[in-house]
There are 2 protein chains.
Amino acid sequence: MESLSERKKYLIERIGLFQEAIGMQPSTARVIGLLLVSDEAELSFEDIQQALNMSKSAVSQSLSILITMRQVEYVTLPGQRRRLFRLKPYGWRHHIESMMENMLEYCQTLQMVASLKQHQEDPARAQSLMGMIAMLELLHKTLKDTAGTWSYPAA
Amino acid sequence: MESLSERKKYLIERIGLFQEAIGMQPSTARVIGLLLVSDEAELSFEDIQQALNMSKSAVSQSLSILITMRQVEYVTLPGQRRRLFRLKPYGWRHHIESMMENMLEYCQTLQMVASLKQHQEDPARAQSLMGMIAMLELLHKTLKDTAGTWSYPAA
DNA sequence: TAATTAGTTTAAAAATTTATGAACAAAAAA
DNA sequence: TTTTTTGTTCATAAATTTTTAAACTAATTA
């Protein structure tokens, strides 16, 4: 395993900050970052542990989380026990899809709010709320419409 | 201050879960929820404290955060010291705007990743990365294009 | 079969985040 | 001027999250 250049460390940190902002835990976020910037597409458990200076269990847990999130997958070389982990191509899609679902749920909640009697009697409040619902719906629709835009290897 | 119906408590909880998912702290998220579902558009410090059973300092801190985020504003009744807090109409826009900025930053980071030499030599990896960048850019563009879609009271 | 490899699981330590209470401040009222 | 109201600030308590170390498992090798 290459040892990380300063530039790569910087990129991992930047990627990490973004992933953490959307709820991923720090060490898991760094694993995603490493897999993104690494020269090798596939890294072993030990590569990850050494490159990021993490404990075995932190690596193990991060990888299980990422596999559950369908962001990471692994391959095994024939006749070898050790696995090689890599970013699942187009794995970010699943993340986008779950964001979409979340947004739709929130829309529904806001619609319940809008149906509260008192709210309908306050035009300014009602309008602002409707605007927010409309925006979430547009965002949802945009994501859905473009879900098929990028070529996608067979699942 | 009305005491909260079960339905409103439920809505506050649901709104809270969503806001927490995008990084807001729990008590602050509940304040947003309360202001959304409350019959009254404007609530006093004490109303909030009582309705949500929060300490003074938790209310104070939550309100400062929300005011800084431009999600909440306050009015004062003439000749009164106490302030009344309310959701800033279209305040959710500022939140969307800062999300947009974040996304743009992440795009830039991913573009730096894409420019790493090794990556250009692995077509599958490069394609997936480009797909993610394209999607973030589309999302960003959609949000930007529609920023002016909803009527907006004078700032 | 015994030892090694490649991880997983779990209990607890460490770090971080969130909420609270108490002291404080500034304006208004008495 | 003194007291009350309406908050703010800050140190710390409480809760939660994150990381680790150590014990464990299952496959592989010797």
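In the predicted model, Val72(B) has Leu87(B) of β3(B) as its bridge partner. This pair belongs to the antiparallel pairing of strand β2 (residues 72–76) of chain B with strand β3 (residues 83–87) of chain B, which extends over five bridges. Six residues lie between the two strands of this hairpin, and within the hairpin Gly79(B) adopts a positive phi near 75°. On β3(B), a further pairing is made with β1(B), again in the antiparallel sense but over two bridges. Here Ser44(B) is the residue that stands opposite Leu84(B) of β3(B).

Together these strands of chain B form an open, antiparallel sheet of three strands in the order β1-β3-β2. The edge positions are held by β1 (43–44) and β2 of chain B; each has a single partner strand, so one side of each remains without a neighbour in the sheet. In a regular strand, side chains alternate between the two faces of the sheet.

Chain A contains an open sheet of three strands as well, with antiparallel pairing and the order β1-β3-β2. Its edges are β1 (43–44) and β2 (72–76) of chain A, and because each of them has a single partner strand, one side of each lacks a neighbour in the sheet. Five bridges join β2(A) to strand β3 (residues 83–87) of chain A in the antiparallel sense. Within chain A, Val72(A) faces Leu87(A) of β3(A) across the pairing.

The two protein chains are related by a rotation of 180° with 0.0 Å of shift along its axis, which superposes chain A on chain B with an RMSD of 0.1 Å. This relation is therefore that of a two-fold axis. Among the residues of chain A, Ile22(A) comes closest to the rotation axis, its C-alpha lying at 3.2 Å. Both copies use the same surface, in that 97% of the contact residues of chain A recur in chain B.

The contact between the chains draws 34 residues from chain A and 33 residues from chain B. On the side of chain A that touches chain B, at least two residues each are supplied by α1 (6–21), α2 (26–37), α5 (92–114) and α7 (123–145) of chain A. The largest share, 10 residues, is provided by α7(A). By residue class, this side of chain A comprises 22 nonpolar, eight polar and four charged residues.

Nonpolar side chains tend to be buried together in soluble globular proteins. The largest nonpolar core of the model holds 27 residues, of which Ile32(A), Leu34(A), Leu35(A), Leu36(A) and Ile48(A) touch the most other members. Two or more residues of this core come from each of α1, α2, α3 (45–52), α4 and β3 of chain A, and likewise from α5 (92–114) and α7 (123–145) of chain B. The greatest contribution to this core, seven residues, is made by α2(A). Apart from neighbours within four places in sequence, the contacts of Leu34(A) are with Ile12(A), Ile48(A), Ala51(A) and Leu52(A). A separate core of 25 residues includes Leu110(A), Val113(A), Met135(A) and Leu11(B).

The model also contains DNA strands C and D. DNA strand C is surrounded by 21 residues, the closest being Phe45(A), Ser57(A), Ser60(A), Ser27(B) and Ser57(B). The surface near DNA strand C receives at least two residues from each of α4 (56–68) of chain A, α2 (26–37) of chain B and α4 (56–68) of chain B. Of these helices, α4(A) gives the most, with six residues. The surface near DNA strand C consists of five nonpolar, 10 polar and six charged residues.

Around DNA strand D there are 21 residues, and Ser27(A), Ser57(A), Phe45(B), Ser57(B) and Ser60(B) are the closest. Two or more residues of the surface near DNA strand D are given by each of α2 and α4 of chain A and α4 of chain B. Here the largest share, six residues, comes from α4(B). The residues of the surface near DNA strand D are five nonpolar, 10 polar and six charged.

Key: Residues are numbered from 1 along each chain as its sequence is written. Chains are lettered from A and ligands numbered from 1 in the order in which they are written. This is a predicted model: local features need pLDDT of at least 70, side-chain atom pairs count only at pLDDT 80 or more; totals for chains, interfaces and linings use all residues. Two strands pair if DSSP finds at least two bridges between them. Helices (H or I, at least four residues) and strands (E, at least two) are DSSP runs, numbered from the N terminus. Copies are superposed by least squares on the C-alpha atoms of residues with pLDDT of at least 70 in both. Two residues are in contact if their C-beta atoms, placed from the backbone, lie within 7 Å. Ala, Val, Leu, Ile, Met, Phe, Trp, Tyr, Cys and Pro count as nonpolar, Asp, Glu, Lys and Arg as charged, and the others, Gly among them, as polar. A residue is near a molecule or strand if its C-beta atom, placed from the backbone, lies within 6 Å of it. A nonpolar core is a set of buried Ala, Val, Leu, Ile, Met, Phe, Trp, Tyr and Cys residues joined through C-beta atoms within 7 Å. A residue is buried if 20 or more other C-beta atoms lie within 10 Å of its own, exposed if 12 or fewer, and partly exposed in between; C-beta atoms are placed from the backbone.
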